[in-house]
Amino acid sequence: MPYYEYMSGELPDFPTLRRLYYRRLHVYASCFGVRCAADRDELANDALVRAYLSLDRYDRSRPLTPWVYSVARNVIVDSLRTRKRAPVSIDAVDDFRSAEDVAVSVESRDRVERVRREIGKLSDRDREIAMLVFYESLSAADTGRILGMPSATVRWRLSAIRKRLRHRCGEDS
């Protein structure tokens, strides 16, 4: 889904914000190892409420999506600081499969499953980068802004992630 821009200068109401970002933030929470769907639901809703209440601080000259993800990241990190985190399982990244919206061959499904499994083995930071770039199609610059790192670092880590996925999934060239 491309950036949601407000050409009229009006900001979204809460139902619109929720419709655009709830499912995406629910998936995003899984990158942090939040395994329980109810916990991901709570975090997505909390992030949306915080984003909506903070819209007056949103810089309208910038895309909305990276800003919403920055708010969500802060909500999720704050929540994880207050409770012990469960280890990440393959099930925690099951929502990466939701990006598939067409039927694929058995061979392709096996490949997707291998890639998904390997994404689940990435470090927390690399899994978060992979989700933002591969699933959300955000640029390295926007991903860097969300994560508080230079875009060059994001590009370097993406290169390493791609290399690892190719190697681990048997696609070395």
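The model is a predicted one, and its secondary structure comes to seven helices and zero strands. The chain has 173 residues, and buried residues make up 42% of them. Take the contacts between residues at least 6 apart in sequence: 71% of these join residues at least 24 apart.

**View 1. Helix α1 packs against helix α5.** Here we look at α1, which covers residues 14–30, and α5, which covers residues 124–135. Their axes are 9 Å apart, and the packing angle is about 150 degrees. Anything over 145 degrees counts as roughly antiparallel, so α1 and α5 get that label. On the α1 side, look for R24, V27, Y28 and S30. Their partners on the α5 side are R127, E128, M131, L132 and Y135. Sort the residues of this contact by type and you get five nonpolar, one polar and three charged.

**View 2. Helix α5 crosses helix α7.** From α5, the contact uses R125, D126, I129, A130, V133 and F134. From α7, it uses V154, R157, L158, I161, R162 and L165. By type, the residues of this contact divide into eight nonpolar, no polar and four charged.

**View 3. A closer look at α5 and its residue E128.** How far apart are the end C-alpha atoms of α5? They are 16 Å apart, which agrees with the 16 Å that twelve residues should span at 1.5 Å a residue. A run of residues in α5 is buried: D126, R127, E128, I129, A130, M131, L132 and V133. Pick out E128, which has its place in this helix. Its relative accessibility is 2%, so E128 counts as buried. Setting aside neighbours within four places in sequence, E128 is in contact with Y28, C31, F32, R73 and L147.

**View 4. S137, a serine with a positive phi.** Just after α5 comes S137, in the loop between α5 and α6. Most residues other than glycine have a negative phi. S137 is not a glycine, yet its phi is positive, at about 60 degrees. Is S137 buried or exposed? With a relative accessible area of 59%, S137 is exposed.

**View 5. The largest nonpolar core.** In soluble globular proteins, nonpolar side chains tend to be buried together. The largest nonpolar core in this model has 43 residues, and the members that touch the most others are L25 and Y28. The largest share, nine residues, comes from α3. Zoom in on L25: not counting residues up to four places away in sequence, L25 touches A44, A47, L48, V68, Y69 and A72.

**View 6. F14 and its partners.** F14 is found in helix α1. Its relative accessibility of 25% is why F14 counts as partly exposed. Leaving aside neighbours within four places in sequence, F14 is in contact with L48, V49 and Y52.

View 7. S79 lies in helix α3. Its relative accessible area is 17%, so S79 is buried. S79 and L43 are 36 residues apart along the chain, while their C-alpha atoms are separated by 8.0 Å. R83 has its place in the loop between α3 and α4 (106–121). At 30% relative accessibility, R83 counts as partly exposed. Beyond its neighbours within four places in sequence, R83 is in contact with D39 and L43.

Notes. Residues are numbered from 1 along each chain as its sequence is written. This is a predicted model: local features need pLDDT of at least 70, side-chain atom pairs count only at pLDDT 80 or more; totals for chains, interfaces and linings use all residues. Side-chain values use heavy atoms; hydrogens and water are left out. Axes are lines fitted to C-alpha atoms, for helices over the stretch in contact, and angles run from 0 to 180 degrees between N-to-C directions. Helices (H or I, at least four residues) and strands (E, at least two) are DSSP runs, numbered from the N terminus. Angles under 35 degrees count as roughly parallel, over 145 as roughly antiparallel, 65 to 115 as roughly perpendicular and the rest as oblique. Contact means heavy atoms within 4.5 Å. Ala, Val, Leu, Ile, Met, Phe, Trp, Tyr, Cys and Pro count as nonpolar, Asp, Glu, Lys and Arg as charged, and the others, Gly among them, as polar. A nonpolar core is a set of buried Ala, Val, Leu, Ile, Met, Phe, Trp, Tyr and Cys residues joined through side-chain atoms within 4.5 Å. Buried means under 20% relative accessible area, exposed over 50%, partly exposed in between (1.4 Å probe, protein chains only). The expected span of a helix is 1.5 Å times one less than its number of residues.
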